[in-house]
Amino acid sequence: MMRTGVSGMNAQATRLATVADNIANSGTHGYKKASVAFSSLVVPNTGTSYVSGGISTQVRYDMSAGNLQYTTSVTDLAIDGNGFFVVQDAAGKPFLSRAASFIPDGNGNLVNAAGYYLMGRSYALGEPGTTTTYGDYERVTIPTTGLERVASTMGKLASNLPFDAPVYAPMLPAPGDVTKLPSANPANDADIRAGMEAGSIFKSGLTAIGYAGEAIRLDIYFTKIADNQWEVAVFYQPDASTATAFPYIDPVTGAPATAPLEKMDLTFDPTTGNLVAGSSTELVLDLRPAPAGKDLNGERISVDLSDMRQLATDYTPLAAEMNGSRPSAIDRIVIDEDGILSVQYANGAMEKLYRLDLAYVQSPDQLSVLPGNVFQEGLQSGQVKFGKPNEISLGAVKSGAVENSNVDIAEELTNMIESQRNYTANSKVFQTGGDLMDVLVNLKR
């Protein structure tokens, strides 16, 4: 009976310890409250007497989400769902955490109050794919000083080309004189200018950004070469002749350029005005160094033409966009609900740096809890897996918010009073056992 009383006091002491931790961490971001589950210990008994056993305890953690508290810092993060951020300690060991109030350290790495670094998937090699390992994560580092520039890699061009535009005269009668198309870059611009005046040729422009942040200006010509068919030809604008554009002269050799940077044909459906199925919708401009080509110190650029139209109205430019940015200082950091961390430059350009993929396990309540509000895979938690924010039940990333602890102070105070009373009752059992021992000893005397 005395040992049973001691067992009960130890169990209530454990419960009081969890209550103390919960109350102490009620203001800790991302803290998950601890609780104690009790289990009886029963020893073999006969039908005429009863021998008390005791009680065992098991500490459990409640992984339910806490309330979101909004802040003014963009690097304060929370998850509106069941996922976990991937963090790393100073030694490079990965962990899971919901405590995500980060600030940049001296190297620009995002670190929280416990010294754990935020980990993400880099866009340095393009859109990150799926992963099954911590090895694909790296520390999230925010550039804070210096000028940054981003070379163009994609763009969009959309215009309405007049349905009733006449076919370019040199193309008639079929098959026509293809040497007088803009893509042939004739030495005499008279035919091109006549075609533009007749409404068979239209000129547009795009500006790409090179590796050094320089502007690469491009002239784009749309020429109607047959009913519902247009040629697209792209030239490097600085090669154009003064005031007339054509011919485009190579400034190095002084000779006419014999080919544009790129050309392609567009075929439209006359009933819908859209490009026909199977017509190419991607204009590829390779501005990289090439043995036989022009080195414009740029990237390979994919220009989307899928929104080109051919309707019975005037030529109408609809979109002429190109990503990339000129040399500019970073203005701010942006983190969206899909976990994509981008920097916005003073000129308004955006650059994706990281995607904050989230981790999850089958049984989060069975994760091993470690100091610093971090977790790692436990024996019964299931294997750690990874996914994009807003997929399955991982939840969305909330920037400018932190997750409060899920501790209910009123409930903890109630538990504390219950444990205190139970502890006192068990101590009375122990004292009574001691009194009975005294009686037995005195009987022998």
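Let's start with a hairpin. Strands E14 and E15 form it, with two residues between them.

How many bridges join E14 to E15? There are eight. E14 covers residues 215–226, and the two strands run antiparallel.

E15 itself, residues 229–236, is mostly covered, with six of its eight residues buried. As a reminder for anyone new to strands, side chains in a regular strand alternate between the two faces of the sheet.

Next, another sheet. This one is open, has four strands, and runs in the order E19-E20-E12-E21 with mixed pairing. Which strands are at the edges? They are E19, residues 282–286, and E21, residues 316–322, and each pairs on one side only. From one strand to the next, the twist averages 20°. Inside the sheet, E12 (residues 154–160) and E20 (residues 300–304) run parallel and are joined by three bridges. Lys156 stands opposite Asp304 in E20.

Which of them gives the most? Take Leu305 as an example: leaving aside neighbours within four places in sequence, Leu305 is in contact with Leu157, Met264, Leu266, Leu275, Thr281 and Leu283.

On to the aromatic rings. A pair of rings is described by the distance of the centres and the angle of the planes. The count here comes to eight aromatic pairs. I will show two of them.

In the pair Phe95 and Tyr116, the centres are 5.6 Å apart and the planes stand at 80°. Why is the pair called edge-to-face? Because an angle over 60 degrees counts as edge-to-face, and this one is 80°. Phe95 sits in strand E6, while Tyr116 is in the loop between E8 and E9, 21 residues apart. Both residues are buried.

The other pair is Phe202 and Tyr315, with centres 4.8 Å apart and planes at 15°, so this pair is stacked. Phe202 is in strand E13 and Tyr315 is in the loop between E20 and E21, 113 residues apart. Phe202 and Tyr315 are buried. Together with Phe222 and Trp230, they form one aromatic cluster.

Pro364 is found between strands E25 and E26. Is Pro364 buried or partly exposed? Partly exposed, at 27% relative accessibility. Not counting residues up to four places away in sequence, Pro364 touches Met63 and Phe84. Phe84 is 280 residues away along the chain, yet the two C-alpha atoms are separated by 9.8 Å.

Last, confidence. The protein averages a pLDDT of 88, and 94% of the residues score at least 70. Confidence is lowest in strand E17, residues 245–248, at a mean of 77, and highest in strand E5, residues 85–88, at 96. Where pLDDT is low, the predicted coordinates should not be read in detail.

Terms used
Residues numbered from 1 in each chain as written. Heavy atoms only, no water. Buried < 20%, exposed > 50% of the residue type's maximum accessible area, 1.4 Å probe, protein only. Contact = heavy atoms within 4.5 Å. Pairing = 2+ DSSP bridges. Axes fitted to C-alpha atoms, helices over the stretch in contact; angles between N-to-C directions. pLDDT = per-residue confidence, 0-100. Phe/Tyr/Trp six-rings, centres within 6.5 Å; stacked < 30°, edge-to-face > 60°.
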